[in-house]
Amino acid sequence: MYPFGRGSKRLIPYLLLLIPLLLYVVFYAGPSVMTVIYSFTDMKNVPGTEVNFVGLDNYKSLLFSGNSSERWASIGRSLYFMFVVTILQNGIALLVAVVLNQRLKGDKAYRAIFFLPVVLGVAVVSLIWSLMFDPISGPVQQLYSVFGYKDTFFGSFTHAFNYIIFVQIWMYMGYSMLIFLAGLQSVPRDLYEAGHIDGTSRWQAFRSITFPLIAPSFTVNMLLSIIGAMQTFDIILATTDGNFNTRTMAYDVYKETFRGSLDMGLPAALSVLQFLVVLVFVVVAVKQMRQREVEY
Amino acid sequence: MKRSKSVNLLSYSLVAILLILYVVPLLFVFNVSFKSFNDYLLDPLGIVQNFNFSNYTEAWKQGSFSNYFVNSVLYTGTSTVFTILISLFAAFPIARGYVKWGGLIYFFFIMSQFLPNPMVSQFKLMLFFKDHLPFMGYDSQIGYILLKTSGTGVVFMMFVGYIKSISRDLDEAAGMDGCGYSRFLLQIALPLMKPIIATGVILTAIATWNDFVGPIMYLSSPGNWPITAGLKEFKGQYGNNWPLLACGITIVAAPLIVLYVFIQKYIVDGALDGAVKS
């Protein structure tokens, strides 16, 4: 029952709900659907030009035309980025969370420090690491020179992408760690006591007690990393701007939309491809993780 | 469980290595920011000998950071307030069942997390607005604020969960006393939701303040740039003058770090809440 009056007063919740609904449809859901539609047209970024349906032409020219080797390289890089970031970021984060969960001295301060990069933001973090990785005066170069090694970092055709991956993990490791910590703190301590009496080793305890119980936070982390890694391009934009073999699918969508040709159909088709890749991996990850989750 | 000495040692070494990785870059930037350009080139790593405070005044002037700061505060403030308000407008009636098809609308809103990347048509939309409704089109402050405001994201989902835990008797009692719907939302429901609103404010404010690609995509005039775009421009201008750039980094990061020290507990808990509930 609606307790706030009758008649026209009954309509007030609808009117207020209309604001978020409109905003969502106009700025998000609408454009999202339109992008899918554009991907089958030769839409130009020029007002007043004719728009024709071209079927799968955009997809064909993306994937199977003369210059699509660059495209496949971007797609490959996106997948590489996703796998490496998901595995390393979650692996390190889980290790750190388990260590901090033993109630080390100062654990609250450590977890705040590891989360700091998220607060600082991409603009600041990218600039900090551009300074650290400066090929002439940067401290990392000085460190390398001790071992007789030299690098051009974000200006290296072979290594720039890996340095971007490093910055990405450095930035978001703290976030994954927090999610694991939340999961770990919900594991009842007496389970370990029971395990201890039964003579389980630390590793066994982790594998058969901790891991199944924190599986939900594992699922959340996997999904966030997969979606995040496939869709972010801000660190790439801020460090190499796509030069030195660092373009990914997400960066390509941005580049072709805002600074590329006037053709809107191509980046739209690329967005749809990006969406399909994310969808496949999310479904696979969720299926895998669901099997590991247990309830107590 | 008992902890052995060796495990303890391993744990502390891991934490120590990570602390170096997370703290040293910040200290390094701070150190460089006080060096003159010549001192920096001669000895990039050494601890600063002659403090060169003029770097800061120069960076502040050259980078026109004051203007960017005002914009950042404006964008973060408005889009955070709007996001909280309209998330409440969306979440409350759906959580209470005061509108028809609430479940369907909820599902429709949640879909925002999974839809294909809307960037291409968003750009076209903003260009369309520029021609027909210039006040909210491409390269307008209002347009950017609208893009950053959403009543259907993570904040909305957290609100729905929280509102379900508030007793319905309150609604009935207030309605009996003749309190209207909008007054109830703003004067009774909103104060009751303080903890979850704090989380929502923190999540939205961090995301807006740090938005790096949005301003680059949708704001072309420097007069409209927030601090993130300003910092990128500053880097473009001063290329390798790292002492000046380090001042820029410090000017942008220091207020955030100071603020973070004071409210870090809320931020960390807030981020945690947001992550777990989404």
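Reader: Where is the place of Ser64(B)?

Author: Ser64(B) sits in the loop between helix H3 (54-62) and helix H4 (65-96) of chain B. Helices here are DSSP runs of H or I with at least four residues, strands are runs of E with at least two, and both are numbered from the N terminus. The model is predicted: local features need pLDDT of at least 70, side-chain atom pairs count only at pLDDT 80 or more, and totals for chains, interfaces and linings use all residues. Residues are numbered from 1 along each chain as its sequence is written, while chains are lettered from A and ligands numbered from 1 in the order in which they are written.

Now the backbone. Most residues other than glycine have a negative phi. Ser64(B) is not a glycine, yet its phi is positive, about 35°. This serine is partly exposed, with 15 other C-beta atoms within 10 Å. The cut-offs use C-beta atoms placed from the backbone: 20 or more others within 10 Å make a residue buried, 12 or fewer make it exposed, and anything in between is partly exposed.

Trp101(B) is another case. Its phi is positive at about 55°, although it is not a glycine. This tryptophan lies in the loop between H4 and helix H5 (102-110) of chain B. Trp101(B) counts as exposed, with 10 C-beta neighbours inside 10 Å.

Next, chain A. Its secondary structure comes to 13 helices and zero strands. Buried residues make up 42% of its 296 residues. The C-alpha trace of chain A spans about 75 × 75 × 35 Å along its principal axes.

One helix pair in chain A deserves a look. The axes of H4 (residues 107-120) and H7 (residues 160-185) of chain A come within 6 Å and cross at roughly 130°. Axes are lines fitted to C-alpha atoms, for helices over the stretch in contact, and angles run from 0 to 180 degrees between N-to-C directions. H4(A) and H7(A) are therefore oblique to each other. Under 35 degrees counts as roughly parallel, over 145 as roughly antiparallel, 65 to 115 as roughly perpendicular, and the rest as oblique.

Which residues meet? On the H4(A) side they include Phe114(A), Phe115(A) and Val118(A); on the H7(A) side, Trp170(A), Met177(A) and Leu181(A) are among them. Contact means C-beta atoms, placed from the backbone, within 7 Å.

Note on methods:
Contact = placed C-beta atoms within 7 Å.
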